[in-house]
Amino acid sequence: MGTLATLWPFISQMNPDAATIAAGAPIEVDLSPVAEGQDIKVFWRGKPIYIMNRTKKQIEEARTVAVDSLRDPQSDEARVKAGHDNWLVVIGICTHLGCIPIAHEGNYDGFFCPCHGSQYDSSGRIRQGPAPLNLPVPPYQFVSDTKIQIG
Amino acid sequence: MSGPSDYQPSHPALKWIERRLPIMNFVYGSFVAYPTPRNLNYWWTFGAILSFMLVAQIVTGVILAMHYTPNADLAFRSVELVVRDVNYGWLLRNMHAAGASMFFFAVYVHMFRGLYYGSYKEPREVLWILGVIIYLLMMATGFMGYVLPWGQMSFWGATVITNLFSAIPYVGDSIVTLLWGGYSVGNPTLNRFFSLHYLLPFLIAGVVGLHVWALHVAGQGNPAGVDVKSEKDTVPFTPHATIKDMFGVSVFLILFAWFIFYMPNYLGDADNYIPANPGVTPAHIVPEWYYLPFYAILRSIPNKLAGVIAMFSAIIVLVFLPWLDTAKTRSCKYRPLAKQFFWLFVITCILLGYLGAQPPEGIYVIAGRILTVCYFAYFLIVLPLLSRIETPRSLPNSIADDVLAKAGKAAPMVSTVIALMVAGGVFLGSAQSARAADETPPSQSWSFAGPFGKYDRGALQRGLKVYKEVCSNCHSLSYIAFRNLGDPGGPGYSEAQTKALASEYKIKDGPNDQGEMFERPGRPADYFPSPFPNEQAARAANGGAAPPDLSLIAKSRSYERGFPWFIFDFFTQFQEQGPNYIVGILTGFEDKPPAGVSIPDGSYYNKYFPGHAIKMPKPLSDGQVTFDDGSPATVQQYAHDVATFLMWAAEPHMEERKKLGMQVFIFLIIFAGLMYFTKKKVWADAH
């Protein structure tokens with residue numbers, strides 16, 4: 001018991017320190033400059049976040065897919081905020097081995113990862129290639145119609 | 001079995017020490033009188049080579065650590081400052097970087113020797129397992145060391161490899177956060193990797209001590225795989241093995257020197273001369289060559305967790321080798337079937353290494369899967385099977401008999417060469433790259449190419465003029481100080497000229513005693529100022545693309561040479577991809593893209609820029625810059641001269657490097673020759 005107690009500080013120090021956690025505090029992003037069909041990349045907690053203003057075509061393509069046929073089944077509705085369906089906010093890190101996928105590329109008008117060829121659709125869900133999971137959606141909420149807070 | 005321990009020093013002072021710490025007896029017993037089999041071949045010198053390399057890496061590493069700064073904002077620059085400003089810093093850095101590759105090359109030879117001659121068999125199982133532990137520690141050390149320069153490959157290689165641990169179910173993500181010390185690879189990660197990279201080599205040294213101890217308990221193996229039976233089978237370690245090891249080390253050093261002085265970037269990746277950028281992933285993330293076979297195995301398995309398990313298993317399977325291969329005959333010399341499978345295994349490893357560097361597309365994926373199966377099949381199917389069914393050839397009665405019978409037989413080197421030729425032939429037959437080949441820039445002729453290459457002073461001075469009048473409007477040159485223009489091996493300006501040149505520039509300085517920033521004329525110690533105050537301003541002024549700093553551009557841009565060119569390049573010392581690329585870009589603009597190709601608005605079509613759409617408008621036109629020495633005022637001339645200047649900017653010590661290299665080479669060749677003749681003399685009585 002004593003050994004474990006002695007060992008714990010040595011292990012715990014490896015976890016993110018207070019300054020790093022503070023730097024990871026929530027950020028606000030203004031969405032008004034992002035036109036339909038455009039996307040921007042912001043950084044939060046050292047990770048790139050894609051904020052995409054999807055066209056009607058992209059939303060439709062995302063919603064007509066049978067959810068059961070997906071590798072990581074998730075409906076498009078579950079990945080966006082109700083009433084703000086055109087806004088897709090995803091962490092731009094490929095769930096395969098961590099490269100940054102390129103937006104508006106690939107067969108699904110979503111994201112294409114150049115490292116090993118994973119392809120995500122316009123909802124950021126994995127459709128093709130070695131990645132196992134969909135692009136994660138970070139915690140965010142709409143503080144107004146044109147502003148979101150990530151984190 | 002340690003050697004006879006009846007050594008007693010005669011000098012009273014030494015006797016005094018010996019009574020309190022019998023170190024001389026120990027060294028004498030272990031490394032002087034120690035009986036070593038007399039039939040060892042040169043594959044047995046790699047143990048000494050490895051010990052030498054470990055010491056070399058530690059010494060160069062500790063010295064580099066005196067100048068390196070392990071902070072994400074400062075690391076890249078600190079490495080460049082070591083190379084540029086620290087006395088012989090370029091030499092120390094090259095020794096350490098090339099040394100890592102040489103260390104791994106030697107360890108692979110050492111391991112393959114063990115595989116071929118059954119060095120892992122009873123009673124050397126623990127010796128073998130200690131070796132696998134050393135190998136694992138080496139891989140961890142090498143991985144962390146590569147992250148330290150904080151280039152693009154450093155950062156993204158770290159991201160990919162630390163992400164592997166997220167494959168572990170349930171605790172994976174927490175482990176990765178623990179390793180990172182943050183939410184992504186960042187400064188905490190770099191700092192701890194530096195600490196561990198400094199620590200691990202000393203752990204390796206400790207395990208090496210155990211490894212040598214275990215070796216001395218069992219005694220060395222030998223090519224016949226027959227135990228030592230009498231004194232006739234052995235010779236004292238000193239002078240026989242010592243001189244052979246020294247000869248082996250000196251030949252190895254010649255290869256080492258080739259990399260240090262003439263091909264320092266051949267085994268590296270050009271992308272690592274670009275500072276780490278978390279927002280931009282390089283097109284191809286490739287680990288260092290010594291990890292490539294395992295990288296290929298990792299990518300062969302479509303499932304993330306299974307791929308990670310396969311990759312680690314590929315190394316762990318080595319631990320079980322003594323129990324997988326239970327054949328009584330140790331050496332493959334007497335196992336005709338095992339011998340053939342051994343060489344097939346070597347080819348499998350080489351091919352897996354080749355595949356690890358290719359993009360995971362098309363035929364490369366299929367080949368990778370087949371070869372992964374071959375790799376595991378060798379350990380899990382072939383060796384156990386052969387233990388049961390193979391009939392070995394009859395062994396010699398003793399080591400002494402083996403030595404007498406050996407007269408006139410071909411050296412083992414021959415079979416190695418044949419294997420390598422077969423491997424080369426297999427490469428030749430393999431499919432072409434699945435990627436569409438971008439046009440590669442034509443090769444220009446450079447005054448600094450080759451072992452005796454020198455910078456053309458005139459070209460350097462004209463190139464500086466082109467930079468100052470054209471490029472410096474958008475591109476910074478932040479690693480070059482005005483004083484560098486007067487350094488030997490460069491444009492060759494005098495002190496007065498560099499002072500005058502510096503004073504033409506306005507440098508921001510301060511705060512003064514009133515707390516305000518002010519401008520003052522430049523001094524030789526100042527660096528070339530950047531045209532923009534920060535990256536965002538640079539982007540805004542250039543259509544969203546920041547013009548890169550040009551200090552390292554000649555080393556951070558490259559293109560594939562393909563097979564078999566990259567093999568010839570090693571011997572011809574071709575390493576001018578960067579300057580060829582620069583000339584290609586500067587002369588490769590076309591007014592209209594070819595039919596059917598469209599490029600985004602605001603871009604320009606360039607033949608050699610990857611993707612063909614570059615944000616930089618054509619910067620050079622004929623007559624733009626006039627040269628005082630009357631050289632032609634043409635785009636081709638400008639491009640050639642500025643590329644020469646930029647090569648110097650990237651590698652200011654090149655001339656010194658090549659000069660010292662020639663001296664070292666001559667010395668090593670003479671030294672190796674002396675060692676060889678001494679060896680022959682020492683062994684004359686033993687054969």
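Of the 151 residues in chain A of this predicted model, buried residues make up 32%. The C-alpha atoms of chain A fill a box of roughly 60 × 35 × 25 Å along the principal axes. Chain A contains 3 helices and 10 strands, and its elements follow the order α-α-β-β-β-α-β-β-β-β-β-β-β from the N terminus on. Among the contacts in chain A with a separation of 6 or more, 48% are accounted for by residues 24 or more positions apart.

Confidence in chain A can be read from its pLDDT. The mean for the chain is 88, and 100% of its residues reach 70 or more. Among the elements of chain A, the lowest mean pLDDT, 82, belongs to helix H2 (residues 18-23), and the highest, 94, to strand E4 (residues 87-91).

One residue of chain A leads across to the other chain. A:Pro132 sits in the loop between strand E8 (126-128) and strand E9 (140-144) of chain A. A:Pro132 has 15 other C-beta atoms within 10 Å and is therefore partly exposed, since a residue counts as buried at 20 or more and as exposed at 12 or fewer. Neighbours within four places in sequence aside, A:Pro132 is in contact with A:Asp72, A:Thr95 and B:Lys304. A:Ala5, by comparison, is 127 residues from A:Pro132 in sequence and 37 Å from it in space, C-alpha to C-alpha.

The contact between the chains takes 20 residues from chain A and 20 residues from chain B. On the side of chain A that touches chain B, the residues divide into 10 nonpolar, 8 polar and 2 charged.

Chain B is assigned three domains: domain 1 (42-225 + 236-272), domain 2 (291-435) and domain 3 (457-660). The C-alpha centres of domain 1 and domain 3 of chain B are 35 Å apart. Their contact takes 10 residues from domain 1 and 13 residues from domain 3. On the domain 1 side of this contact, the elements that give two or more residues are helix H4 (75-84) and helix H10 (237-262) of chain B. The residues of that side divide into 6 nonpolar, 1 polar and 3 charged.

The core draws at least three residues from each of domain 1 and domain 2 of chain B. For B:Ala106, the contacts beyond four places in sequence are B:Phe46, B:Ile49, B:Leu50 and B:Met53.

A last element to inspect is helix H7 (residues 152-163) of chain B. Its 12 residues reach 16 Å from the first C-alpha to the last, close to the 16 Å expected at 1.5 Å a residue. H7 of chain B is mostly covered, with 12 of its 12 residues buried. Among the buried residues are B:Phe155 and B:Trp156, as well as B:Gln152, B:Thr162 and B:Asn163. What covers the buried residues of H7 includes helix H6 (125-147), helix H8 (172-180) and helix H9 (187-218) of chain B.

Key: Residues are numbered from 1 along each chain as its sequence is written. Chains are lettered from A and ligands numbered from 1 in the order in which they are written. This is a predicted model: local features need pLDDT of at least 70, side-chain atom pairs count only at pLDDT 80 or more; totals for chains, interfaces and linings use all residues. Helices (H or I, at least four residues) and strands (E, at least two) are DSSP runs, numbered from the N terminus. The expected span of a helix is 1.5 Å times one less than its number of residues. Two residues are in contact if their C-beta atoms, placed from the backbone, lie within 7 Å. Ala, Val, Leu, Ile, Met, Phe, Trp, Tyr, Cys and Pro count as nonpolar, Asp, Glu, Lys and Arg as charged, and the others, Gly among them, as polar. pLDDT is the predictor's confidence in each residue, from 0 to 100. Domain bounds come from an automatic or database domain assignment.
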